[in-house]
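Colleague: I would like to learn how to read a structure like this one. Could we take it feature by feature?

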Amino acid sequence: MTDLSANSAPATRHGASLLKQNARTRRRNRAEARFRAYGIAAIAVGLAMLLVLVFNIVSKGVGAYSQTFVTLEVELSESKLDKKGNRDIEEIKKVSTFGYAPLINNAFAAAVKEGGLETRLKPKDQAGILSKSAPAQLRDYVIANPDKIGETVSFRFLANSRVDGYLKGRVTRDSIANDKSISAEQLDFVDQLAAAGILKKTFNPDFVLGSDASDQRPESAGIGVSMVGSLFMMLVVLALSLPIGVAASIYLEEFAPKNWITDIIEVNISNLAAVPSIVFGILGLAVFINYMHLPMSAPLVGGLVLTLMTLPTIIISTRASLKAVPPSIRDAALGVGASKMQAVFHHVLPLAAPGILTGTIIGLAQALGETAPLLLIGMVGFIASNPPDSLAAGLLSPNSAMPAQIYEWAKRADPAFYERAWGGIIILLVFLVTMNTLAVILRRRFERRW
Amino acid sequence: MNDMSRLERVVETKNIKMECRDCQVYYGETHAIKDVNVDIEEKTVTAFIGPSGCGKSTFLRCLNRMNDTIATARVEGSFRLDGEDIYDRRVDPVQLRAKVGMVFQKPNPFPKSIYDNVAYGPRIHGLARNKAELDEIVEKALRRGALWNEVKDRLDAPGTGLSGGQQQRLCIARAIATEPEVLLMDEPCSALDPIATAQVEELIDELRQNYSVVIVTHSMQQAARVSQKTAFFHLGNLVEFGETGQIFTNPVDPRTESYITGRIG
C-alpha cells in the first residue's frame, strides 16, 4: 500500500519521461550556461588587457635596446694632446674635453672627404650629431692608452639622441622645426652617413649594464647600476626579513600562548600588510635617516624600509604554511618524546618550507617593484654613480633602484628618456616573472600530500 | 597461547604500573572527566570503552600529558607512574613520553623513510651509540611491530607510501622503538580493514609480554578479544572498571549492560 503511493507520487511531480527536460531543469541549465559564459568573458577581458599591456610595453620599450653609433677614424694628433711629446700623463690630463672636440671635427672632415659625401655643414656642425659624451670618451681612452698618441684609432661614438630618434622614427623633419639642437641639414648628413655605413643602429648592451646619465645625454643612460642597487636592497631584505619573519611566525604559531596579547599582535600584523608603502618610506626617513643618521639614498636604508614592508607578507604566508601542516605530525613527534622545539624543527618546518620559500619570493618580488618608499629616502633622482666596487660601497654609497630609475626617466622631459623608461620596465618585468615562476616551480616541486 | 595468557592474567594482576586517583579534566568551562580512578597494571592490556565523547580519549591523553598541548585543557588529580606523580612540576613531559608511548587513531607516519620513522625516537633520546646499534633497534622494533618481513627490502621508501594497516603498524613500531613501559593506543584500528585489524590485535597481544598497553576502542568485540581489564566510561564518569570477562558477561552497573548490549551509545 505505502509502496504504491510512494511510487506514483514522484511520477507526477517529476514529469512523465526522463528523455524530456522539464521547464525547471531547462531554466537551471540555462542559468548555468549563462554563468559559464560570464566566466569565460571575464577571463577573455583579462587576457586581452594583459596582451595589450605586454604589446604596449614591448613595442615602446624595445627601442631602448638598440642605439645609433657612428664609427670614425680619429687621429690622436700629438700636437694637440701632448705638445711637449714626453708622454707625461699629468700633462696629458691637462687637456680638457674641449681640447678633444677638434679631433672629432677633423675625423668627420676626413670621413666626408674619403666617402665623397656632399654637405654644406661645417665640421663642427657635423660633429653635432654625436652625443655630448663623445669628447669625454676620447679623453678617457687617451688617458688610459697614452702610447696611442700620434696614431689613428677607430672609435664608435654614440649618436645624439635626436639622431637616434630620427632613425627610430621618433624625430622627423617637422618635429625639429623649433629644435635648436639639430637642423634639417644635419639630418640629411645623417642619411648620407647611414648610406655610407658610417652610422649604424645596433644592439646596445650599455642600456642593460650602464649607469644613468644627465638630462643632456639620454643616449648614454642605462639601468645597470640601479639594477645593482636593487640587488643590494634585496640582499638586505632577504637577510633580515627571512630569519626575523620565520622566527616570529614559528613563535606565534607554535609556542605563543593564545591570549588577547597574541590576538592583538596577529591583528596588527595583518594590518601592517595593508599599510601603504609610502608610510613605511616616511617611517624609514624619520627613523633610519633623521634619527639613526644612516646615509641618504643608500641601498642599506632602502633595504631596511623594504624589510619592514616585506615582513608582514612573509609572516602571514609562513604562518599559513605552518598551519597547513596537519596536527597529527606534531602529535606523532610529541608522542615519541620529542620536545616541542624538536617537533617543530625536525618535522613541521621541513614540511612548511616550500610554502615559506614561496611566500618569501613573492614578498621579495613585491619589494623589488616598490617605488613609493624609495621616493622618501632619496633613492629617486639623478644618481649617476659607478657600479660599486665592494659590498660596503654597494650598501652605503648612493644608488637608485630599478623602479625608481624607471620613474625618474618617465618624468624627464626628453622623449628619449621615455623610451628608456619602457625599456627598463621590460627588465623589471623579466625579473618579476622569473621570481614568480620560481615560486610556482618550488611550490609544485616540493609540495607534499599526506 | 590463549590459555597461557589467561594463566598470566591471573598471576600478574597485582603489579600496578599507573595509578590514577580523583582525576578531573576541564576543557575551559566543560568538566570532561569526573572523579576517575583507574589502575593500569603491568603487562596487561586495559581497554577503555564507551560512547563517543565520553572522555576515554581525553583520559588516555592525560596518561602521557598530551593534553598539555591543548591550551584550554586543565588536569587535576593524581596520576602516578611507578609511584611518581607525572604532573609534578619537576617532571619534564618529554621524558615522560619516552616512558609512556602513544599510538594515534589515524596512522600518522612522518613523511620520511620507514627507517627514519622508527629511528627518530631512539635518535632524539640517544638510545644508540652508532649506526649498527640503531639498525639493530630499528629491526627489532619493526619485527615486534610485525612489519619487518614486509618492509625489510625497502627501508628507504617513504613511510607514507605504505598501506593503512602497514602505516599503523609502522606507528606502533615507532612507538615501541623507544622502549616505553606503557603504550597508549587511541582507537588504533578505527581506520583499518578487518585483516589489518586482526594483525594489529595479534600484535597487541604480543606486546603485552613486555608492556602495559592501554587501548581506547569503539569496538566491544575488540575490547573483549585483546584486553584483560576493561573500563567503561560514560559522560565523563568511569562507570565500571574490572576484569574484561566480568564486564562483558556480568556487568554490575545497568548502564554498562545497556551499552554492551547496544541500547545506549
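**Reading strands, sheets and an interface**

Modeller: Start with one pair of residues: A:Val70 stands opposite A:Leu199, which belongs to strand 3 of chain A. This is a predicted model, where local features need pLDDT of at least 70 and side-chain atom pairs count only at pLDDT 80 or more, while totals for chains, interfaces and linings use all residues. Residues are numbered from 1 along each chain as its sequence is written, chains are lettered from A and ligands numbered from 1 in the order in which they are written, and side-chain values use heavy atoms, leaving out hydrogens and water.

Colleague: How many bridges join strand 1 of chain A to strand 3 of chain A?

Modeller: Two strands pair if DSSP finds at least two bridges between them. Here, strand 1 (residues 66-75) and strand 3 of chain A are joined by 5 bridges and run antiparallel. The elements themselves are DSSP runs, numbered from the N terminus: helices are H or I with at least four residues, strands E with at least two.

Colleague: What is the order of the strands in the open sheet of chain A?

Modeller: Reading across its 3 strands, the order is 2-1-3, and the pairing is antiparallel. Strand 2 (152-158) and strand 3 (199-203) of chain A are at the edges with a single partner strand each, so one side of each has no neighbour in the sheet. From one strand to the next, the twist averages 35°.

Colleague: Which strands of chain A does helix 8 lie across?

Modeller: Contact means heavy atoms within 4.5 Å. For angles, lines are fitted to C-alpha atoms (for helices, over the stretch in contact), and the angle between N-to-C directions runs from 0 to 180 degrees. In chain A, helix 8 (residues 161-168) lies across strand 1 and strand 3, and runs at about 125° to strand 1.

Colleague: Let's turn to chain B. Which residue takes a positive phi in the hairpin of strand 1 and strand 2 of chain B?

Modeller: That is B:Gly28, with phi near 60°, in a hairpin that has 2 residues between the strands. Strand 1 (residues 16-27) and strand 2 (residues 30-41) of chain B pair in the antiparallel sense over 8 bridges. One example to find on screen is B:Ile16, whose bridge partner in strand 2 of chain B is B:Glu41.

Strand 1 of chain B also pairs with strand 4 (residues 73-81) of chain B, antiparallel and over 8 bridges. There you can look for B:Gln24, opposite B:Glu76 in strand 4 of chain B.

Colleague: And how many residues lie between strand 9 and strand 10 of chain B in their hairpin?

Modeller: There are 2 between the strands, and B:Leu235 has a positive phi near 50° in this hairpin. Strand 9 (residues 229-234) and strand 10 (residues 237-243) of chain B make an antiparallel pair with 6 bridges. Within that pair, B:Phe233 has B:Leu238 of strand 10 of chain B as its bridge partner.

Colleague: How many residues of each chain are in contact where chain B meets chain A?

Modeller: 21 residues of chain B are in contact with 17 residues of chain A. The size of an interface is often given as the accessible area lost when the parts come together. Buried area is that loss for a 1.4 Å probe, summed over both parts. Between chain B and chain A, the buried area is about 1,600 Å², and carbon and sulfur atoms give 64% of this.

Colleague: Which residues in chain B lose the most area to chain A?

Modeller: They are B:Phe110, B:Pro111 and B:Tyr120, which together account for 31% of what that side buries.

Technical notes:
Buried area is the accessible area (1.4 Å probe) that two parts lose on being put together, summed over both.
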